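Visitor: Hi, could you walk me through this one? I'd like to start with what the terms mean.
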Amino acid sequence: MARSTETFSKKEKEKARLKKAKDKKERAEDRKANAGKGKSLEDMMAYIDEHGNITSTPPDPSRKIKINVEDIQIGVAKQEDVPHDTVRNGVVTFFNEAKGYGFIRDMQTEESIFVHINALTEPLKENNMVTFETEQGQKGLSAIKVKKK
């Protein structure tokens, strides 16, 4: 007599496949039963109240706020030019003479500022105290008119 060709794992896989198909069919029927089709336009409308919150009730025209178009600001506010000290003090934290650049640590703001060899008035070494001015470079502030103290 021959053995059955169906193994336990085949039977379990078939049960799982049938259960998955049954669940899918039930979900489809639930969606059809609870479908939102046929709703009126009013039921689908959403409104924004005077505080900017979304509501389902239309706004009260008596609570309408007038807004002047010129008062609406688009983008970032323009920054006022902040006057800063033209001459700063700092310490040379790194300087590579072969490559011609380095960095100065500003004593007041503690920020690291790039310095190029072309901005030097005299040769520099690491840990030198310097005075300098800054200008906006391609990637941030750059030191110019660098002098030893």
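Guide: Buried means under 20% relative accessible area, exposed over 50%, and partly exposed in between, with a 1.4 Å probe and protein chains only. This is a predicted model, where local features need pLDDT of at least 70, side-chain atom pairs count only at pLDDT 80 or more, and totals for chains, interfaces and linings use all residues. Residues are numbered from 1 along each chain as its sequence is written, and side-chain values use heavy atoms, leaving out hydrogens and water.

Visitor: OK, so R88: buried or exposed?
Guide: R88 is buried, with a relative accessible area of 14%.

Visitor: And where is R88 placed?
Guide: In strand β3. Strands here are DSSP runs of E with at least two residues, numbered from the N terminus.

Visitor: What does the side chain of R88 join up with?
Guide: With the side chain of D106, through a polar contact of 3.0 Å. That term covers a pair of N or O atoms within 3.5 Å; within protein, one must be able to donate a hydrogen and the other to accept it, and residues adjacent in sequence count only if both atoms are side-chain atoms.

Visitor: Which way does D106 point in β4?
Guide: D106 points to one face along with G102 and I104, and these are buried.

Visitor: What do the strands build?
Guide: A closed barrel of five strands, in the order β3-β4-β5-β7-β6, with mixed pairing. Two strands pair if DSSP finds at least two bridges between them.

Visitor: How many bridges link β3 and β6?
Guide: Four, in the antiparallel sense, and R88 stands opposite F132 there.

Visitor: What about β3 and β4?
Guide: Also antiparallel, over six bridges, with V92 opposite I104. Their hairpin has four residues between the strands, and G100 takes a positive phi near 85°.

Visitor: And β4 with β5?
Guide: Those two pair in the antiparallel sense over five bridges, and F103 has F114 as its bridge partner. In this hairpin, with five residues between the strands, E110 takes a positive phi near 65°.
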